[in-house]
Amino acid sequence: MTVKHAHGNYDIHFAHSANVPSFIPPGAAVITDSKVQGIFRDWLGDNPVFAMPPGEEQKNLARFGDALEWLASIKFSRSGTLVALGGGVVGDLAGFVASAYMRGVRYIQIPTTLLAQVDSSVGGKVGVDLPQGKNLAGAFYPPEKVVVCVEALTSLDSKQFINGMAEVWKYGFIGDAELVTELTEMQIQPNHPQLESIVRRCIRHKRDVVEQDEHETAGLRATLNFGHTVGHAIEQATEYREYLHGEAISIGMMVETKLGEALGITDKGTLEQVRDGLFRQGLPLTADILRDTDRLIDVMKRDKKAKAGQLAFSLLTKIGECKLIESVPEKDVASALKDS
Ligand SMILES: NC(=O)c1ccc[n+]([C@@H]2O[C@H](COP(=O)([O-])OP(=O)(O)OC[C@H]3O[C@@H](n4cnc5c(N)ncnc54)[C@H](O)[C@@H]3O)[C@@H](O)[C@H]2O)c1
Ligand SMILES: [Zn+2]
């Protein structure tokens with residue numbers, strides 16, 4: 001699969017575990033985390049490795065600086081290739097490092113979490129968090145290639161796997177009704193024979209969207225944010241401590257579907273289907289923090305999609321279709337939060 005972007009294109013390869021090392025050029029420098037390094041040692045050979053501790057709190061400017069200085073210390077040259085091996089934290093940070101080192105070097109994404117495979121490794125958004133907020137420093141910097149190996153997911157713990165499945169359901173809800181039916185019928189596990197084809201479908205959807213709206217200026221890329229306006233507010237209001245991203249957007253998808261139905265944008269009965277799918281997947285459907293409506297709405301007003309303090313949402317019209325709705329009245333958002 002190929003992804004076109006403003007300055008060229010890159011391929012997404014689907015590989016068996018044994019073939020992954022063949023995508024890593026000799027002399028490539030690897031950025032990863034210590035947990036991932038331990039699991040995928042066989043892929044790394046003699047390549048120099050910068051392994052940061054795992055965790056979102058590591059996606060910061062200090063670690064970004066450390067990685068740049070490490071590259072300089074090993075005399076990494078402008079013609080070298082950087083490899084981002086790990087989940088979205090490593091992918092975002094390493095991609096940002098690649099964009100900055102000597103004003104830009106090539107890099108390869110090898111995503112090892114389900115979330116990173118279906119979402120963060122594709123589309124070229126890279127960056128780090130600042131104390132003032134998530135992803136506040138970054139760039140659009142597409143990789144040279146993405147290598148997806150679903151066998152890598154077998155070592156994920158079930159919480160992390162389910163976290164990624166929230167994004168998979170999201171792709172179904174916003175653009176692939178058939179996927180929703182299939183997910184409802186199958187219990188997808190890391191070693192499920194259908195998993196690779198499901199990951200492919202999600203990536204294809206993201207590819208189609210980012211090709212048309214790479215820099216999120218046309219309102220299309222923003223549709224990928226179904227469940228995310230509320231989900232991000234939940235994550236922020238709970239200081240990223242209580243919920244993984246997929247868990248927060250699961251709750252967000254519930255609230256936003258309720259909101260869509262109340263506004264008459266989402267077909268009645270959709271909420272039941274969304275609830276059923278997420279419940280079967282073992283994802284959370286509601287949270288105490290939803291009662292804190294003023295606080296959540298305040299955070300949403302600072303969302304990147306909000307313009308001049310007006311709330312914007314990607315809402316389903318029905319299962320498999322969505323559209324971006326700008327300027328949703330605050331009182332409707334407050335009721336959807338309270339009733340969820
Ligand atoms: N750039 C984008 O477009 C984009 C999109 C969505 C999310 N993100 C970012 O992605 C990040 C979240 O990514 P994530 O959910 O992958 O989290 P993560 O990178 O923190 O990985 C989660 C945990 O899983 C471990 N892990 C990774 N691969 C493993 C494997 N195969 N087996 C066992 N353990 C493994 C990691 O060490 C870590 O402890 C956030 O920072 C978010 O902002 C970016
Ligand atoms: Zn997401």
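1. Several elements build the shell around ligand 1: α1 (34-39), α4 (88-100), α5 (114-120), β8 (133-140) and α6 (158-175) each give at least two residues to it. Helices here are DSSP runs of H or I with at least four residues, strands are E runs of at least two, and numbering goes from the N terminus. A word on the source: this is a predicted model, where local features need pLDDT of at least 70, side-chain atom pairs count only at pLDDT 80 or more, and totals for chains, interfaces and linings use all residues. Residues are numbered from 1 along each chain as its sequence is written, chains are lettered from A and ligands numbered from 1 in the order in which they are written, and side-chain values use heavy atoms, with hydrogens and water left out.

2. Who sits around the ligand? There are 26 residues around ligand 1, and Asp 33, Glu 56, Thr 112, Thr 113 and Ser 155 come nearest; to be near, a residue needs a heavy atom within 4 Å. Sorted by class, that shell holds eight nonpolar, nine polar and nine charged residues. In this scheme Ala, Val, Leu, Ile, Met, Phe, Trp, Tyr, Cys and Pro are nonpolar, Asp, Glu, Lys and Arg are charged, and the others, Gly among them, are polar.

3. Now the polar contacts (pairs of N or O atoms within 3.5 Å). Glu 56 puts a polar side-chain atom 2.5 Å from an oxygen atom of ligand 1. From Val 89, a backbone N or O atom lies 3.0 Å from an oxygen atom of the ligand, while a polar backbone atom of Ala 152 is 2.9 Å from a ligand nitrogen atom. Ligand 1 on its own has 870 Å² of accessible area (Shrake-Rupley, 1.4 Å probe), and the protein covers 89% of that.

4. On to the largest nonpolar core, which has 44 residues, with Phe 173, Val 199 and Leu 278 making the most contacts inside it. Such a core is a set of buried Ala, Val, Leu, Ile, Met, Phe, Trp, Tyr and Cys residues joined through side-chain atoms within 4.5 Å. Helix α6 gives the most to this core, with eight residues.

5. Leu 278 touches Trp 169, Phe 173, Ser 250, Met 253, Met 254, Leu 283 and Leu 285, leaving out residues up to four places away in sequence (contact is heavy atoms within 4.5 Å).

6. Last, Pro 21, in the loop between β2 (8-14) and β3 (29-33). Because its relative accessibility is 29%, Pro 21 counts as partly exposed; buried is under 20%, exposed over 50%, and partly exposed in between (1.4 Å probe, protein chains only). Pro 21 touches Asp 42 and Trp 43, again not counting residues up to four places away in sequence.

Key. A polar contact is a pair of N or O atoms within 3.5 Å; within protein, one must be able to donate a hydrogen and the other to accept it, and residues adjacent in sequence count only if both atoms are side-chain atoms.
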